[in-house]
Amino acid sequence: MPEAKASDGNSGVQIDLISGNRMSNLTSMEKIRLILDGVRDGNIVILEEGLAPEEESKLIEVTMAEISPDEFNGIEIETYPSSQAGDQGFLDRLMGRQSAAKLTVIGPANQIETLHKDENLISALVSRK
């Protein structure tokens, strides 16, 4: 993923917005690597469609294995379903299937702090190291 750097030397926070279409063509481990590589570079990663519960668990597991006090403090992850997720069919609800229609925000634990979260809004404070 190309890095966008300010040409005038100012540093800021890079936000990577990743479409559901791009993620659908990746394996679970490729998704996790894409996310963690971006976050390790100090970027905020926003997934249009989020991860499956198993993928999110694996992301946390891999993150825990990579934590290093001097290099990588881990991730902060917030997810909420989009309005479409509440519109899933009766059979999906009955079978316990959850819609993948959700937005996920992932960032370095030492740079992102969730200030507020409800079903319609994630409000976060992002700082640069």
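**Talking through the model**

Reply: The protein exposes about 8100 Å², of which carbon and sulfur atoms supply 50%; accessible areas come from the Shrake-Rupley method with a 1.4 Å probe, and for residues only the protein chains shown count as cover. This is a predicted model, in which local features need pLDDT of at least 70 and side-chain atom pairs count only at pLDDT 80 or more, while totals for chains, interfaces and linings use all residues. Residues are numbered from 1 along each chain as its sequence is written, and side-chain values use heavy atoms, with hydrogens and water left out.

Me: How many helices and strands are there in the protein?

Reply: The protein has four helices and six strands, in the sequence pattern β-α-α-β-α-β-α-β-β-β; helices (H or I, at least four residues) and strands (E, at least two) are DSSP runs, numbered from the N terminus.

Me: And what percentage of the 129 residues is buried?

Reply: Buried residues make up 33% of the 129, where buried means under 20% relative accessible area, exposed over 50% and partly exposed in between (1.4 Å probe, protein chains only).

Me: Which residues have the most contacts inside the largest nonpolar core?

Reply: They are Ile35, Leu47, Leu59 and Ile106, in a core of 15 residues; a nonpolar core is a set of buried Ala, Val, Leu, Ile, Met, Phe, Trp, Tyr and Cys residues joined through side-chain atoms within 4.5 Å. Helix α2 (28-40), strand β2 (44-47) and helix α3 each supply at least two residues of this core, and the largest share, five residues, comes from α2.

Me: What does Ile35 touch, leaving aside its neighbours within four places in sequence?

Reply: Ile35 is in contact with Met23, Val45, Leu47, Leu51, Leu59 and Ile106 on that basis, contact meaning heavy atoms within 4.5 Å. Apart from this core lies another, of six residues, including Ile44, Ile46, Val105 and Ile122.

Me: Changing topic, is Glu55 buried or exposed?

Reply: Glu55 counts as buried because its relative accessible area is 11%. This residue is found in helix α3 (residues 53-66), and it touches Ser28, Lys31 and Ile32, not counting residues up to four places away in sequence.

Me: Where is Val13?

Reply: Val13 is in the segment before β1 (15-18), and with a relative accessible area of 34% it is partly exposed.
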